[in-house]
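Reader: I would like to go through a structure with you, step by step. Please keep the answers brisk.

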Amino acid sequence: MDFTLSEEQLMFAETARSLFADSCTPDHWRRMMEAGEAIDPARWAAIVETGLTLVLLPESAGGIDLTETDFALIAQEAGYVALPEPLIESAGVAAPMLAALAPDHALLADPTATIAIAHPANPYVANADSAGGIILHDGGDAWLATPDQVTLTAQPSIDPFRRLFSVAWDKDKATALGRADWNLAFDRAALFNAAFALGLAQRSVDLAVDYAKERQQFGKPIGSYQAVKHHLASAQVAIEFAKPVVAAAAAEIGARDTQARARVSHAKLVALEAADKAARAAIQVHGAMGYSWEVDVHLFLKRALALTQTWGTPSTHRARIATRIFTQPMGPDQTFARETENA
Amino acid sequence: MDLNYTPEQQAFRAEVRAWLEAHVPSEPLEHFDATREGFEAHREWEKTLKSGDWGMVTWPREYGGRGLDLIEWLIFEEEYYRAGAPGRVNQNGIFLLGPTLIEFGTHEQKQRFLPRMASGEEIWAQAWSEPMAGSDLAGVRATATREGDDYILNGHKIWSSRAVFADWAFGLFREPGSERHKGMSLIFFPLDAPGVTVNAIKKINGHVGFAEIFLENVRVPAFNRLGEEGQGWHICMATAGFERGLMLRSPARYQVAAKKLAELWAANKETADPGLEADVVRAHMNADAYALNIYQTASRLMAGAKIGPEASTNKIFWSEMDIHLTQTALNILGPQAELTHEAPDACAVDWIDDYIFALAGPIYAGSNEIQRNIIAERMLGLPR
């Protein structure tokens with residue numbers, strides 16, 4: 001039993017953190033929003049060059065074959081900057097699925113290409129227009145098509161960096177990939193979005209803390225008032241108790257059992273709740289400024305709002321936890337229990 | 001990261017389980033805050049625990065402990081709660097004073113106090129709070145006046161848990177004339193010493209778990225001071241760190257409660273509001289998150305980290321979780337929730353007791369308002 005990260009994992013997260021801190025600043029978002037862009041090619045090229053898109057791919061597909069724990073750390077750092085590019089869905093979910101089905105596929109050989117995924121859990125496909133390929137679902141089988149081989153109908157999201165589409169497609173114009181593991185894709189997406197949400201949450205708190213130290217009222221920084229402190233402390237409590245759940249879910253996702261699925265769901269629920277709580281606290285702390293377009297908090301709020309309802313709604317995830325509670329043993333010796341031990 | 005127990009840890013769990021199965025009393029003991037008999041029954045249980053060397057599992061062997069690491073401590077606690085073993089009447093000694101004594105005490109002090117604490121021979125109360133100093137511990141006014149090799153203690157302590165029946169107490173006293181954090185010392189005194197008067201204060205549930213203590217020229221040897229003279233504040237903060245951070249509430253307690261809640265829900269599902277299932281799920285999630293957090297903290301501490309201000313997040317989390325959990329039980333029980341022991345239809349008494357107890361959680365061990373200030377100032381860096 002050792003619930004700590006290795007030096008190597010911490011260094012990898014640090015690499016991602018400095019890459020994102022340098023390349024993904026509020027100025028960048030603002031410029032992209034004005035231009036109506038959801039992908040910055042220069043930043044994406046830097047992400048690809050650093051190897052972040054290769055983490056979960058097997059060596060046979062040109063990847064570096066690391067674990068969900070490693071990718072979750074990157075996702076958390078991406079959340080801290082509300083990364084616009086579809087790193088999670090492409091490198092964390094779609095590319096590993098494609099690699100499992102067709103490790104030699106040309107799309108995997110081009111690491112700059114993003115891959116979108118039309119998962120049955122989601123009615124809309126994110127970033128389908130800019131993808132090198134879209135993985136499509138039909139009765140448990142996966143198919144692949146390029147954006148020009150399908151009909152995309154834009155479904156604009158409140159989050160300017162989530163470009164959503166309804167996809168109509170025809171098997172004649174798509175390539176069959178065979179039976180795919182849609183459940184694994186779902187769990188990975190839920191897990192990595194949970195990790196991303198931890199980043200969103202911490203950034204919201206940090207933005208509000210910075211503001212509360214500067215902004216003066218009644219002759220003192222507003223951050224010296226207990227009412228302001230308590231909003232932010234409560235948000236931090238939510239973050240601190242979501243973190244180990246996300247870490248455990250990442251470590252256990254490979255078990256593929258009722259407990260592992262429940263833990264992924266738990267991670268998704270509490271991390272997104274923390275992101276929502278933190279963003280709302282940050283808006284409150286910023287006062288009327290927090291309700292303005294000019295202050296960056298709304299981006300974090302909107303991403304949290306979007307991710308809360310995608311890749312399984314809260315009630316979907318609660319139902320998976322209820323299944324764990326009512327079909328598996330509970331109690332103090334069951335924290336790390338596996339289904340096989342109770343078979 | 002490896003979330004599997006080692007074969008040694010699994011063998012240890014089996015050993016604890018077997019011992020507890022053979023020794024845990026078949027009938028629950030009367031609560032140690034309810035009567036002197038209940039208190040003494042718990043003292044006997046502490047002695048039984050000691051007979052198996054299970055009294056103070058994390059302490060060094062030479063002071064009556066078992067030298068376990070924190071993961072083993074968690075496993076022990078899991079089995080302890082799983083077995084439904086009695087509450088620890090000496091928890092002030094085990095979890096608050098014990099670790100502090102081990103860190104700051106002299107060898108002679110450790111030899112004098114720790115083994116008797118471990119055996120249940122001396123049960124400890126805490127005497128921190130005062131009528132005008134609750135969470136503002138620096139407002140303590142009780143004094144310790146040095147007289148040769150002794151201290152003369154004077155003052156008025158209140159909200160002292162266990163002090164009605166306990167043998168010893170530890171409290172903060174200040175050098176006469178000193179102010180705030182300066183000049184305070186942590187001093188032990190026997191509760192039956194001349195000049196000590198203990199008056200019981202009934203709790204919200206009618207138990208006599210609290211006391212107020214009047215000290216009138218109580219003479220204790222300077223040997224009873226923990227740490228250097230005037231360093232009491234520093235030492236108390238270390239004690240509070242143990243209390244908030246780890247030892248006061250091990251996760252197993254809430255995991256047992258969440259399990260019972262799930263059983264209560266399953267038994268009442270047909271009649272209760274279906275919307276309550278979400279609360280039952282939440283209770284499990286909270287207990288699980290708390291366990292994971294503590295396992296993560298224990299792993300970090302074993303790797304050499306120190307407990308920091310993040311310990312304050314624990315106290316807020318478990319106290320709020322406890323209220324949510326017990327309130328959910330009352331919601332499932334509906335009209336039976338309010339019935340007392342005397343009611344012919346009583347079936348919910350444990351839940352109402354647990355709920356009433358849970359209400360104290362956000363108050364004791366430093367109010368949650370104070371914890372939020374600590375988080376805001378020391379974790380987030382907001383101005384004082």
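Reader: How many residues of domain 1 of chain B are in contact with domain 3 of chain B?

Author: This is a predicted model. The domain assignment puts domain 1 of chain B at 7–88 and domain 3 at 249–380. Their C-alpha centres lie 22 Å apart. On the domain 3 side, 11 residues take part, and on the domain 1 side the number is 10.

Reader: What share of the area buried between domain 1 and domain 3 of chain B comes from carbon and sulfur atoms?

Author: The side of domain 1 that touches domain 3 has six nonpolar, no polar and four charged residues. The area buried between the two domains is about 920 Å². Carbon and sulfur atoms give 77%.

Reader: How many salt bridges are counted between domain 1 and domain 3 of chain B?

Author: Four charged residues sit on the domain 1 side. Two residue pairs are in polar contact across the interface. The salt bridge count between these domains is zero.

Reader: Which residue of chain A forms a salt bridge with Arg82(B)?

Author: Arg82(B) lies in helix H3 (residues 70–82) of chain B. The pair crosses between chains, to the segment after helix H11 (314–327) of chain A. The closest N and O atoms are 3.2 Å apart, and the partner is Asp333(A).

Reader: Is Asp333(A) buried or exposed?

Author: Buried means under 20% relative accessible area. Asp333(A) has 16%, so it counts as buried.

Reader: Which residues are linked with Asp333(A) in a network of salt bridges?

Author: Arg82(B) is one of them. Its relative accessibility is 39%, so Arg82(B) counts as partly exposed.

Reader: Why are Glu40(B) and Arg36(B) separated by about one helical turn?

Author: Glu40(B) and Arg36(B) form a salt bridge, with the closest N and O atoms 3.2 Å apart. Both residues lie in helix H2 (residues 36–51) of chain B. They are about one helical turn apart because their spacing in that helix is four residues.

Reader: Is Arg280(A) buried or exposed?

Author: Arg280(A) forms a salt bridge with Asp276(A), with the closest N and O atoms 2.9 Å apart. Both lie in helix H9 (residues 258–286) of chain A. Asp276(A) is partly exposed, at 28%. Arg280(A) has 54% relative accessibility, so it counts as exposed.

Reader: How many salt bridges are found over all chains?

Author: The pair Arg280(A) and Asp276(A) forms one. Arg82(B) and Asp333(A) form another, between chains. A search of the whole structure gives 46.

Key: Residues are numbered from 1 along each chain as its sequence is written. Chains are lettered from A and ligands numbered from 1 in the order in which they are written. This is a predicted model: local features need pLDDT of at least 70, side-chain atom pairs count only at pLDDT 80 or more; totals for chains, interfaces and linings use all residues. Side-chain values use heavy atoms; hydrogens and water are left out. A salt bridge is a side-chain nitrogen of Lys or Arg within 4 Å of a carboxyl oxygen of Asp or Glu. Helices (H or I, at least four residues) and strands (E, at least two) are DSSP runs, numbered from the N terminus. Buried means under 20% relative accessible area, exposed over 50%, partly exposed in between (1.4 Å probe, protein chains only). Domain bounds come from an automatic or database domain assignment. Contact means heavy atoms within 4.5 Å. Buried area is the accessible area (1.4 Å probe) that two parts lose on being put together, summed over both. A polar contact is a pair of N or O atoms within 3.5 Å; within protein, one must be able to donate a hydrogen and the other to accept it, and residues adjacent in sequence count only if both atoms are side-chain atoms. Ala, Val, Leu, Ile, Met, Phe, Trp, Tyr, Cys and Pro count as nonpolar, Asp, Glu, Lys and Arg as charged, and the others, Gly among them, as polar.
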